[in-house]
Amino acid sequence: MSVMQNNINEQGDFNPLHSLRALSDDERIDAYESARAVIMRKLGDRPARDSFAQALSRYPVTVTRIIGVTMALVFIGAALPSLFRLFTAGRDYFLHGIDDPVQAAIVG
């Protein structure tokens, strides 16, 4: 029987998967390591962070930091009213169940 005949199933369809065999653990590990080595040769060494110092931003570091701090301040300013509303809603809700307003404010 030829390899072609072994790959034909009962319906007469050719299936090349029948000719594949499972790898042993050692063969699988060797295949993994050799594939990894091929990829590493193709990609080259890992780049260092210093390689991207110029590519990260076309603006000076001080400008980037000022913008970041400004964005953080805007975020805090936008979040504070929402946080105060949540606190007030919780305090008012707990005032119905807790008689002492100080304890309700602590919980709320």
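A residue counts as exposed when its relative accessible area is over 50%, and as buried when that area is under 20%. Between these cut-offs, a residue is partly exposed. By this scale F75 is exposed, with 61% relative accessibility. The model described here is predicted. The protein has 5 helices and 0 strands.

**Overall build**

- Along the sequence, the pattern reads α-α-α-α-α.
- The protein has 108 residues, and buried residues make up 3% of them.
- The accessible surface of the protein is about 10100 Å².
- Carbon and sulfur atoms account for 63% of that surface.

**Helix 2**

- Helix 2 covers residues 25-43.
- Helix 2 contains 19 residues.
- From its first C-alpha to its last, helix 2 reaches 27 Å.
- That reach is close to the 27 Å expected at 1.5 Å a residue.
- What follows helix 2? The next residue is G44, and its phi is positive, near 90°.

**Salt bridges**

- Side chains of opposite charge can pair when their charged atoms come close.
- In this model the count is 2 salt bridges.
- One of them joins D25 and R28, with the closest N and O atoms 3.2 Å apart.
- How far apart are D25 and R28 along helix 2? They are 3 residues apart, so about one helical turn separates them.
- D25 is partly exposed at 48% relative accessibility, and R28 is partly exposed at 47%.
- Another salt bridge links the side chains of E27 and R21, at 3.3 Å from N to O.
- Is R21 buried or exposed? R21 is exposed, because its relative accessible area is 59%.

**A nonpolar surface patch**

- Which residues form the nonpolar patch on the surface? They are F75, I76, L80, L83, F84 and L86.
- Together these residues have about 650 Å² of accessible area.
- F75 lies in helix 4, which spans residues 61-97.

Conventions:
Residues numbered from 1 in each chain as written. Predicted model: local features only at pLDDT ≥ 70, side-chain atom pairs only at ≥ 80, totals over all residues. Heavy atoms only, no water. Salt bridge = Lys/Arg side-chain N within 4 Å of Asp/Glu carboxyl O. Buried < 20%, exposed > 50% of the residue type's maximum accessible area, 1.4 Å probe, protein only. Helix = DSSP H or I, 4+ residues; strand = E, 2+ residues; numbered from the N terminus. Patch = residues over 30% accessible without salt bridge, like charges linked within 9 Å, V, L, I, M, F, W, Y side chains within 5 Å. Areas by Shrake-Rupley, 256 points an atom, 1.4 Å probe, with all protein chains shown as cover. Expected span 1.5 Å × (residues − 1).
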